[in-house]
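User: I have a model open and would like to go through it. Can you take me through the strands, then the helices and the ligand?

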Amino acid sequence: MPKYLEGKRIFLRTLQKSDLPELIELMDDRDTLVLTGSVFPNTEKEMEDFYERCQRTDSRVWFVIVDKEENRIIGETGFLRIFMHWRATDFTLEIWDKRYWGKGYGKEVAALMFDYGFDYLNFHRMAIGVVEKNDRAIKFWKSIGFKEEGRQIDGFFSEGEYSDFVMMYLLEKEYREKKEALN
Ligand SMILES: CC(C)(COP(=O)(O)OP(=O)(O)OC[C@H]1O[C@@H](n2cnc3c(N)ncnc32)[C@H](O)[C@@H]1OP(=O)(O)O)[C@@H](O)C(=O)NCCC(=O)NCCS
């Protein structure tokens, strides 16, 4: 399978139908799913529908993140809701395999996606919505240059309590100013 974007320890390649069983198993962790704002478990049918939608790339580009050494999928990343007229997109990054958390893999993936998004696809703006209680993710997005721009107050409910969705953004200009620090 061709490597589309390659970093030091990981590469990104397109999602294949044959990846779906492995992904369903990797994502089968309710605590992590809650952090990403999901409420229902992923079913095979939904994953297949998602895969089908990924075959049209006018509004989304989706990759699996592969550990080069083990040649194993550790997560997913992509651009969703791409609006080329506005040069704007939502950005998603999920490392499903917990053993890889906090070891710089997220930053490595983000650096590849920023180069691809800003320098190749010509985006002006990227956005992300993060569940407030996902402290790690909020710190992560801030560490790579994202800023809070607003909140959906009580936009999310899990485990008996409401929490906000923190809306964050990164502009091309700000990315270029911070680029050296990321690589
Ligand atoms: C959030 C996520 C993408 C971060 O990726 P990661 O590989 O774990 O993060 P990195 O090791 O690259 O860390 C980058 C920065 O994030 C912050 N960070 C990472 N882990 C952290 C932790 N446990 N506590 C506080 N800050 C943390 C730090 O600022 C860190 O920079 P530093 O190492 O220079 O201090 C990843 O942990 C993940 O996918 N988690 C589960 C799903 C999820 O929450 N996705 C995001 C949905 S919005």
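Analyst: Keep in mind that this is a predicted model. To begin with the strands, strand 2 (residues 10-14) and strand 3 (residues 61-67) run antiparallel and are joined by five bridges.

User: Which residue in strand 3 is the bridge partner of Thr14?

Analyst: Phe63 is the partner of Thr14.

User: And what order do the strands of the sheet come in?

Analyst: The order is 1-2-3-4-5-6-8-7, in an open sheet of eight strands with mixed pairing.

User: Switching to helix 4. Which of its residues are buried?

Analyst: Tyr105, Gly106, Val109, Ala110, Met113, Phe114, Gly117 and Phe118 are the buried ones in helix 4. They lie on the same side of helix 4 because their arc around the axis is only 160°.

User: What follows helix 4?

Analyst: Asn122 does, with a positive phi near 70°.

User: Now the ligand. How many residues surround it, and which are the closest?

Analyst: The ligand is surrounded by 21 residues, and the closest are Gly106, Lys107, Lys139, Phe140 and Ser143. Elements giving two or more residues to this shell include helix 4 (105-120), strand 6 (125-131) and helix 5 (135-143).

User: Which element has the largest share?

Analyst: Helix 5, with five residues of the shell around the ligand.

User: How do the shell residues divide by type?

Analyst: Around the ligand, nine are nonpolar, seven polar and five charged.

Note on methods
Residues are numbered from 1 along each chain as its sequence is written. This is a predicted model: local features need pLDDT of at least 70, side-chain atom pairs count only at pLDDT 80 or more; totals for chains, interfaces and linings use all residues. A residue is near a molecule or strand if its C-beta atom, placed from the backbone, lies within 6 Å of it. Helices (H or I, at least four residues) and strands (E, at least two) are DSSP runs, numbered from the N terminus. Ala, Val, Leu, Ile, Met, Phe, Trp, Tyr, Cys and Pro count as nonpolar, Asp, Glu, Lys and Arg as charged, and the others, Gly among them, as polar. A residue is buried if 20 or more other C-beta atoms lie within 10 Å of its own, exposed if 12 or fewer, and partly exposed in between; C-beta atoms are placed from the backbone. The arc is that of the directions from the helix axis to the C-beta atoms. Two strands pair if DSSP finds at least two bridges between them.
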